[in-house]
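Take a look at the model below.

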Amino acid sequence: MQEIKLELTKNPKEKPADQSKLGFGRIFTDHMYVMDYHEGQGWHDPKIIPYQPISLEPSAMVFHYAQEMFEGLKAYHTPDGRVLLFRPDRNIQRAENSCKRLCIPPVPQDDFLNALKTLVRVEKDWIPTTPGTSLYIRPFIIATDESLGVHPSHSYKFIIILSPSGAYYASGLNPVKIWIEDDYVRAVRGGIGEAKAGGNYAASLKAQVKGEAGGYAQVLWLDGVERKYIEEVGSMNIFFKIAGKVVTPQLNGSILPGVTRATCLDLCRSWGMEVEERRVSVEELVAAARDGSLEECWGSGTAAVISPVGTLRYENDVMEISGGGIGPVSQRLYDTVTGIQTGKLEDAHGWTVEVK
Ligand SMILES: *Cc1c(COP(=O)(O)O)cnc(C)c1O
């Protein structure tokens with residue numbers, strides 16, 4: 001493991017006074033982590049430096065061919081003053097998988113974890129403390145070769161920035177309205193849907209704008225070939241409770257394998273619920289909504305943890321779920337996951353990692 005050089009700021013910023021107005025991803029902490037890659041040299045010179053602009057040539061490959069990946073996880077304050085990460089090993093493994101798909105040399109896993117821990121430790125006074133808040137961690141890698149030739153870059157930058165984030169739900173869990181998109185698609189099997197890559201988000205914006213214009217918070221994607229099977233939401237995986245069973249689309253190569261998704265599956269199984277990872281067609285959903293067997297629906301992702309879905313719209317069918325409110329499994333998952341993340345509930349699964 002490589003030693004991280006520390007270059008700390010002499011001009012720390014003022015921390016936000018009102019933790020109820022943090023929002024998401026708008027404020028950044030005093031420092032960032034940077035490590036460079038050059039072919040022949042590998043990943044080298046990890047350092048923590050003051051948060052600052054990066055200088056790149058206009059010809060840098062990332063600007064033209066989007067050779068980029070990112071991750072997203074959070075650090076939480078516990079009531080007794082400890083700092084916890086939640087399943088960082090999962091994010092680090094997923095980052096490695098994303099890198100491999102995008103021809104980016106993966107960061108050694110121990111350097112990655114050390115980077116997360118060291119940066120969070122340096123910035124621990126930035127972790128907000130009020131209920132529902134956390135420190136969002138955004139690691140990403142960009143291709144920096146100065147060349148317009150289409151081939152994998154020979155040089156990269158791995159950067160981590162941190163952003164204190166507000167409670168996703170200012171007033172408790174709130175059900176969202178979701179638009180099932182049947183025209184645009186996000187990803188196809190064999191593409192990069194399974195990688196956490198900026199390019200997937202570029203592809204998603206058009207439908208997101210369309211959904212928002214119709215009053216819907218997020219888009220639920222269908223498969224890219226038949227537009228028949230449910231994939232996932234904008235930045236969340238999707239779960240249904242149909243006739244007593246917890247159902248989620250199986251990982252098929254075009255769905256992002258969420259850490260929160262895996263956590264929901266683990267918890268529901270540990271509670272003795274019947275769980276199915278399988279193909280779910282939109283027709284099945286519409287039929288289940290009609291006959292009343294669609295009991296619950298929720299999204300899962302690091303930002304919101306659990307996002308109950310109160311309304312699903314597919315073409316002209318507007319389906320109200322759980323009476324437009326929050327179902328009991330959604331609520332239980334939210335309470336349990338956030339309880340473990342913030343050290344309020346016992347971590348029987350060994351999911352949290354303390355930053356000391
Ligand atoms: C990050 C992400 C998710 C959720 O993953 P988590 O690890 O649970 O945060 C789901 N879908 C997409 C497209 C994502 O980028």
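In this predicted model, the side chain of Arg94 places an N or O atom 2.8 Å from an oxygen atom of the ligand. Thr260 also takes part: an N or O atom of its side chain is 2.6 Å from a ligand oxygen. Thr302 has a polar side-chain atom 2.6 Å from an oxygen atom of the ligand. The table lists these distances.

| Side chain | Distance to an oxygen atom of the ligand |
|---|---|
| Arg94 | 2.8 Å |
| Thr260 | 2.6 Å |
| Thr302 | 2.6 Å |

How much of the ligand does the protein bury? On its own, the ligand exposes 380 Å², and the protein buries 97% of that. The ligand sits in the largest pocket.

Now the neighbours. There are 15 residues around the ligand. Those that come nearest are Lys196, Tyr201, Glu232, Thr260 and Thr302. Sorted by class, the shell holds 7 polar, 4 nonpolar and 4 charged residues.

Next, the cysteines. A disulfide is a covalent bond between the sulfur atoms of two cysteines. How many disulfides does a search of the whole structure find? The search finds 0. Cys264 is in no disulfide, and its nearest cysteine sulfur belongs to Cys268, 6.3 Å away. Cys297 is in no disulfide either. For Cys297, the nearest cysteine sulfur is that of Cys264, 12 Å away.

Are Cys264 and Cys297 buried or exposed? Cys264 is buried, with a relative accessible area of 0%. Cys297 also counts as buried, at 1% relative accessibility. The cut-off for buried is under 20% relative accessible area.

Note on methods
Residues numbered from 1 in each chain as written. Predicted model: local features only at pLDDT ≥ 70, side-chain atom pairs only at ≥ 80, totals over all residues. Heavy atoms only, no water. Near = heavy atom within 4 Å. Polar contact = N/O pair within 3.5 Å; in protein donor to acceptor, adjacent residues only side chain to side chain. Areas by Shrake-Rupley, 256 points an atom, 1.4 Å probe, with all protein chains shown as cover. 1 Å grid on protein atoms, 1.4 Å probe; cavity = no way out; pocket = protein on both sides within 12 Å on 5 of 7 lines; lining within 4 Å. Sits in = over half its atoms within 2 Å of the grid points. Nonpolar A, V, L, I, M, F, W, Y, C, P; charged D, E, K, R; others polar. Disulfide = S-S within 2.5 Å. Buried < 20%, exposed > 50% of the residue type's maximum accessible area, 1.4 Å probe, protein only.
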